Amino acid sequence: MLSKPLARWVERIAAATVTTDADMLMVGNYFKTQALERTARGLDADGRSFTPYSNKGPYYYYPTKAGVGKQSPSLSETKRINRSLKQASMFPGVMTGSRGDAAVGRDVKRRTEAAQRLFRKLGGKSDARSTAVTRAAFKQRALFPGIKIGGNQFLRTRFGIKFASYAAFKQSLGRSVVDLYGPRAPHMLQALTVRVAEDRKGVILGIYGEAARRARGHQYGNAAKHLPQRRFLGAMPEDRAYAMRLLSAQIRGRMRDAMPHQ
């Protein structure tokens, strides 16, 4: 029969070998860091380069939330705004549409100024010569896909910017690789969280809420939206091996602390 002091030491050592939530969170955060760093380098969960961004175009970007996409979703709204402004000029003081001419005017001004700020931030030149050269280059590209565009590389539209392609849009933001970061915060990858499995035998890396739809599209691909698979969540064999060493070192440290000291 063990003496009481020795029995307590055995119990302490046994308790030290039990994997805790803190242990698993440490492992999960290591996997999270590796996934984020790997994605920033343009590599998927297997260490291969992501499928490049599309070179098909054109692509329109709107700095206000009213419209982001390859085709302007603000076309009908633009027509409504123009119609309302015309009515407002003909009948001063009369409410035009459900929002009124003043609200429409503010909306037009807000979206126009946002587009102009982005155009300048990207280094765009609004002089007539640069615009003419860029328009001609866009027409040439439509006839001869792949041709290098001269001028600004992009054109200013009323409420946004027209790029030759989505790849050209990301390049204008200084992105040299496919990093899955959107043009503005909050970014999808900022929503990446770590959860411990109920049995503490694993960790779950996931993205939830509004960003989950975008994450699912990248992780599994979406043929209907022409989105290729870019599997960014996962762990490479060497990452798994290192995580096991981290966990073992953590447990061994607790065991040493639990051992009786002379």
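**Entry 1**

I started with Leu6, which sits in helix H1, residues 4–16. A reminder to myself: this is a predicted model. Is Leu6 buried, exposed or partly exposed? Its relative accessibility is 35%. Buried needs under 20% and exposed needs over 50%, so Leu6 counts as partly exposed.

**Entry 1: the whole protein**

I counted off eight helices and six strands. Reading from the N terminus, I wrote the order down as α-α-β-β-α-α-α-β-β-α-β-β-α-α. The protein has 262 residues, and 34% of them are buried. For the accessible surface I have about 16,500 Å², with 55% of it belonging to carbon and sulfur atoms. I also looked up the contacts between residues at least 6 apart in sequence: 63% of these join residues at least 24 apart.

**Entry 2: helix H8**

Then I went to H8, which covers residues 237–258.

Which residues of H8 are buried? My list has Asp239, Ala243, Leu247, Ile251, Gly253 and Ala258. Looking down the axis of H8, I see that these buried residues fall within an arc of 150 degrees, so they line one face of the helix. On the other side of H8, I found Pro237 and Arg256 exposed.

Last, I checked backbone angles in the loops. Most residues other than glycine have a negative phi, so I wrote down the exceptions I came across.

One is Leu180, with phi near 65 degrees. I placed Leu180 in the loop between helix H6 (166–172) and strand S5 (192–196). Its relative accessibility is 6%, so I put Leu180 down as buried.

Another is His226, whose phi is near 60 degrees, again a positive value in a residue other than glycine. His226 belongs to the loop between helix H7 (212–220) and H8. Is His226 buried or exposed? Its relative accessibility is 70%, so His226 counts as exposed.

Conventions. Residues numbered from 1 in each chain as written. Predicted model: local features only at pLDDT ≥ 70, side-chain atom pairs only at ≥ 80, totals over all residues. Heavy atoms only, no water. Helix = DSSP H or I, 4+ residues; strand = E, 2+ residues; numbered from the N terminus. Buried < 20%, exposed > 50% of the residue type's maximum accessible area, 1.4 Å probe, protein only. Expected span 1.5 Å × (residues − 1). Arc of directions from axis to C-beta. Contact = heavy atoms within 4.5 Å. Areas by Shrake-Rupley, 256 points an atom, 1.4 Å probe, with all protein chains shown as cover.
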